[in-house]
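I opened this entry to look up charged side-chain pairs and helix geometry. My notes follow the display.

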Amino acid sequence: MDDLRVQWSTNLERQVNLPERVLDWPAAVEVMHANNLKLRQTRTDLTNAQEAVRQVFKDLIPSLNLRAGVTKRLTDISAISPDDVTLSADSFFNVPGVVSLYSRFYAARLLEMRTRVVRELTEREQVIELYRTFFNAVELHDQRARLERQRATAHAMEQVDPFTGRLMQTELQSLDLALARDVKGLQDRLSEILGSREYRWVLATNGLPELRYQENPLPLTDTNRVAQMQMRLLAIELEAARAQLLGMKLRYWPELNIFVSGPPIYSRRAGTDRFWDSEDVQASADLFWTIDTRGNLGRSIRQTRRQQDLQKERYRQESLTLMNRLIFTQQLIDSVEAQLGQVESQLAILLAVPPAQNYAALEKYSQDYRNLTLQQIQLRRELSDLNALFWFVDELAWNTNSFLAPNT
């Protein structure tokens with residue numbers, strides 16, 4: 001508790017006075033890869049899965065156990081001699097069956113493959129979340145500029161109608177507070193993605209990917225380019241289900257167990273030394289066969305098959321959902337871009353023609369400006385989300401270091 005109190009005080013003081021650090025896109029991606037907790041977790045999971053694959057063969061290495069003890073009556077405890085000390089060194093190794101060894105190795109390899117795919121998908125998700133955060137930062141910067149323009153309009157309105165002008169100023173104060181909350185929320189999201197709260201992050205758009213799938217549509221029928229990671233993960237899940245069912249069916253077959261036992265490598269009892277002797281090595285084997293007279297194994301297989309059928313249907317529905325989402329997105333993205341172009345053209349005309357200095361003109365100018373800017377924000381965000389969806393499933397865009405400047 002004392003250590004935590006000290007850390008609380010020092011960290012609180014630092015959080016109040018965080019230094020600024022400017023990040024462009026390449027630097028932000030580098031910081032994210034180094035510190036993001038989700039990415040670090042996937043790297044740890046992959047390392048553990050790789051160790052599990054190696055452990056299948058390392059379990060064949062004989063184990064070595066050392067033991068030492070003393071046995072003496074309590075009344076004779078003061079007369080302990082070296083002959084009362086027992087020592088032994090034992091070795092044990094497992095002789096697995098061919099089927100059991102291969103099944104363990106196969107299961108470990110499937111887990112490693114699945115962990116690797118999940119790691120790559122998680123990396124994509126975090127990169128796209130970082131991209132969206134950059135986009136939100138640009139939005140907030142533009143929103144601050146729009147508030148300044150609205151503040152100038154409110155000042156002009158005060159010269160014409162003081163009461164209406166003050167109402168507009170009060171509304172702007174509320175918008176300023178909402179902007180401050182949005183900026184704080186952006187900092188929290190960005191710190192979580194980057195995995196660090198050591199700085200107050202300032203984002204620069206240098207090197208930010210420009211996604212233009214509306215100009216270069218993604219070929220959805222190209223199965224060598226679209227949704228490869230998703231299909232690979234699905235294939236691993238289906239293979240794992242098949243292997244699970246096959247493993248249960250193999251329990252109908254006899255099980256062969258082989259045992260090899262031998263004397264200790266070295267032992268010392270009652271002052272007598274004894275070493276390992278090959279003549280004392282014994283081998284035995286037995287054939288074990290469980291007949292499912294009660295039908296428990298058959299029932300388990302049927303229940304597993306029914307559950308797997310539901311899971312496969314769930315996978316199929318999720319895949320169809322993704323396909324329909326991509327089809328709809330491809331149909332929608334052109335319309336969104338065209339509508340955004342119209343809104344930006346109207347906004348440019350509005351800004352080019354200053355309003356007349358009277359109440360009706362200023363009020364209409366303020367309403368038109370607010371409506372057009374809100375539409376612009378919504379359409380830009382929607383266009384960014386549509387492009388991000390295509391980016392996520394585009395294998396060509398995720399080649400080595402392609403997240404710095406994806407090929408779209």
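I took helices as DSSP runs of at least four residues (H or I), numbered from the N terminus. The model I consulted is predicted.

**Entry 1, helix α1.** I looked up Asp 2 and found a salt bridge with Arg 5, the closest N and O atoms being 3.2 Å apart. The two residues are three apart in helix α1 (residues 2–16), so about one helical turn separates them. Asp 2 is exposed, at 58% relative accessible area.

I next checked Lys 364, which pairs with Asp 368 in a salt bridge whose closest N and O atoms are 2.7 Å apart. Both lie in helix α8 (residues 359–393), four residues apart, about one turn of the helix. Lys 364 counts as exposed at 51% relative accessibility, whereas Asp 368 is partly exposed at 24%.

Glu 112 and Arg 116 meet at 3.1 Å, N to O. They are four residues apart in helix α4 (residues 98–160), and therefore separated by about one helical turn. Glu 112 is buried at 10% relative accessibility; Arg 116 is partly exposed at 34%. I recorded 24 salt bridges in the structure.

Among the buried residues of α6 I listed Met 229, Leu 233, Ile 236, Glu 239 and Leu 245.

Key:
Residues numbered from 1 in each chain as written. Predicted model: local features only at pLDDT ≥ 70, side-chain atom pairs only at ≥ 80, totals over all residues. Heavy atoms only, no water. Buried < 20%, exposed > 50% of the residue type's maximum accessible area, 1.4 Å probe, protein only. Salt bridge = Lys/Arg side-chain N within 4 Å of Asp/Glu carboxyl O.
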